[in-house]
Amino acid sequence: MTELLEPYGGRLVRLLLSEEESTEQLRMANALPFVQLSDRSLNDLELLAVGAFSPLDRFMGRADYERVLKEMRLGDGTFWPIPITLPVQTGEAIHLGKDLALRNARNELIAVMTVEEVFPWNLETETASLLGQVDSRHPLVTEMSGWGPLCISGPLRVFHLPKYHDFADIRRTPAQVRCLLQELRVKNVVAFQTRRFLHPLHKTFMQHVVSECDGALLHHPVVGLIKPGDIEYYARIRSYRAVVEKHYDSKRTLLNLLPLATRSAGPRETLWHAIICRNYGANHLIVGDGPPGLEADSFEQPFSGSDQVQEAVAAYPAEIGVTMVPFTEQIASPVDDESTRIGQVSSTHPETTEILTDMFPPRHKQGFCVWLTGLSCAGKSVTAGVLTSLLLERGRQVTLLDGDVVRTHLSKGLGFSREDRDTNIHRIGFVASEIVRHGGGVLCAVISPYRATRDQCRNMVGPDHFIEVFIDTPLSVCEQRDAKGLYAKARRGELRGFTGIDDPYEPPLSPELVLTTTDRSPEANARRIVDFLLKRGLVKEIDASRLH
């Protein structure tokens, strides 16, 4: 039988308890103090448990963590590009040398950690090392700002893996994938990951690579913590399965889902993926087709590019043991021997077309969020009111989430501390994301003074469906308009933490629209927003023939 490249570090780590061990320890574990894992930490724990992160056998301690950030190496010198830590809040029932239960969001027991280390981490230090910048538009930076300030580490005993009810037959552990790949009896295994739907020219390219190296293809879609705005998960995996079954050689192709929480960390992330793919049995990785980390920053510049990613992977082939195969969108057409670029070809697999037609409505029927931000009395609510009427006129059903109304109902009881304000905005962002996900339009007219919190809402909704509108009204004008006299009370010290007076308002760095209200009416501004939505295809033009 053909031997695959050995796992990274020489062996697959396994942290799962046997059924007998689990039964013996369960009663004691259920009585332990616990922390609740985020979805990201749950994905990380699963891949630690099955050996996908071999040689790691725990969340990183301080020495590993700090050296990974500085040198991309573990404490023992092993190359490793991404920190894998378990952040927790202060005040949790955590004690050195004591056992701590790890539970999921439904409070189900997943694992027990014997706490050996507790150490602080710093957002700016980690993001600067990992991502090369600290931009709240980056989805990982946005998420990390809500993590607890401490990390914990220690030996893990895993009782069971997360339960999945979808695509269960193609969710295999590294050990299971390796067994199937060995049965294929090939010299090499080429791993391929993409966020795109599979195109016929993907097939042509991969057939060429697999043939050249006398290998098999491991199609390895990432389906852990899906990035905000990523292509709809179920449609993507349904299309992969349909296309692979119909158009790929079953004797040389294996489709397996990877429950990985991506970091969007550009070159570092791709190096990490290469190590993970090795643990699943691959010794080649196709790199460059929609690499991790191509989101735009606050100034609409990409965080990283394909060339950077390919250069990074090429610099470490010997240590990682995985050969990079650069993906090129320009390949020779088997029909006419002319070069063809994937983005220039409109045809796709009929199976994918059918699924897309079923799952995705036309653009003008997709959801969107218009987020109007600015000082109190800037004109957000009145503009949103006019906009509501204009959108209804065009047949778009919209929901208006006004800051004052939300405070009365959804966020009743919250104060005006920074923490409470963030909680209020997060609630609005969550409701907006659900409305958008179900195809509705939502207008959020809220002060939302903090840039990072607005960016978190952008990522909740999905950047392609989030339109940030800055109502740029001078503070002096807002004070003149204030019928409630709140600014005057704040000036006298009767109100504390009032935005614009003794609490900051952080203007957007690159909103989709900036509207002024001293020289334009609410209707004129609302029509500018409608024009923007028309250009984005999110609303339709009114049929002029119906106006006569």
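R241 is partly exposed in this predicted model, with a relative accessible area of 21%. That value lies just inside the partly exposed class, because buried means under 20% relative accessible area. The side chain of R241 meets that of E245 in a salt bridge, with an N to O distance of 3.9 Å. This pair falls within the criterion, because a salt bridge requires the side-chain nitrogen to be within 4 Å of the carboxyl oxygen. E245 counts as exposed, at 62% relative accessibility. Both residues belong to helix α8 (residues 233-247), where they are four residues apart and thus separated by about one helical turn.

**Salt bridges**

The count of salt bridges comes to 25.

| Pair | N to O distance | Location |
|---|---|---|
| R67 and E71 | 3.2 Å | helix α3 (residues 62-71) |
| R157 and D99 | 3.2 Å | strand β7 (residues 156-158) and strand β3 (residues 99-103) |
| E245 and R241 | 3.9 Å | helix α8 (residues 233-247) |

R67 and E71 both lie in helix α3, four residues apart, which is about one turn of the helix. R67 counts as partly exposed at 25% relative accessibility, and E71 is also partly exposed, with a relative accessible area of 44%.

The salt bridge between R157 and D99 has its closest N and O atoms 3.2 Å apart. This pair links distant parts of the chain, as R157 in strand β7 and D99 in strand β3 are 58 residues apart. D99 has a relative accessible area of 24% and is partly exposed.

Salt bridges also form a network, in which R454, R458, E468 and E512 are linked.

**Packing of α15 and α16**

Two packed helices are described by the angle between their axes and the distance between the axes. For helix α15 (residues 418-437) and helix α16 (residues 451-461), the angle is about 20 degrees and the axes are 8 Å apart. Angles under 35 degrees count as roughly parallel, and α15 and α16 are therefore roughly parallel to each other. The crossing in which α15 passes α16 is right-handed.

On the α15 side, the contact is made by D422, I425, H426, G429, F430, A432, S433 and V436. These residues meet T453, Q456, C457, M460 and V461 in α16. The residues of this contact divide into seven nonpolar, five polar and one charged.

Q456, one of the contact residues in α16, is buried, with a relative accessible area of 13%. Leaving out residues up to four places away in sequence, Q456 touches T142, S145 and H426. Of these partners, H426 is among the α15 residues that meet α16.

**A buried loop residue**

N256 is found in the loop between β10 (253-255) and α9 (266-279).

Apart from neighbours within four places in sequence, N256 is in contact with I170, R171, R172, V177, L218, H219, H220, P221 and Y280. For H220, one of these contacts, the separation from N256 is 36 residues in sequence and 5.2 Å in space, C-alpha to C-alpha.

Terms used: Residues are numbered from 1 along each chain as its sequence is written. This is a predicted model: local features need pLDDT of at least 70, side-chain atom pairs count only at pLDDT 80 or more; totals for chains, interfaces and linings use all residues. Side-chain values use heavy atoms; hydrogens and water are left out. Axes are lines fitted to C-alpha atoms, for helices over the stretch in contact, and angles run from 0 to 180 degrees between N-to-C directions. Helices (H or I, at least four residues) and strands (E, at least two) are DSSP runs, numbered from the N terminus. Angles under 35 degrees count as roughly parallel, over 145 as roughly antiparallel, 65 to 115 as roughly perpendicular and the rest as oblique. A crossing is left-handed if the near helix is turned anticlockwise from the far one by less than a right angle, and right-handed if clockwise. Contact means heavy atoms within 4.5 Å. Ala, Val, Leu, Ile, Met, Phe, Trp, Tyr, Cys and Pro count as nonpolar, Asp, Glu, Lys and Arg as charged, and the others, Gly among them, as polar. Buried means under 20% relative accessible area, exposed over 50%, partly exposed in between (1.4 Å probe, protein chains only).
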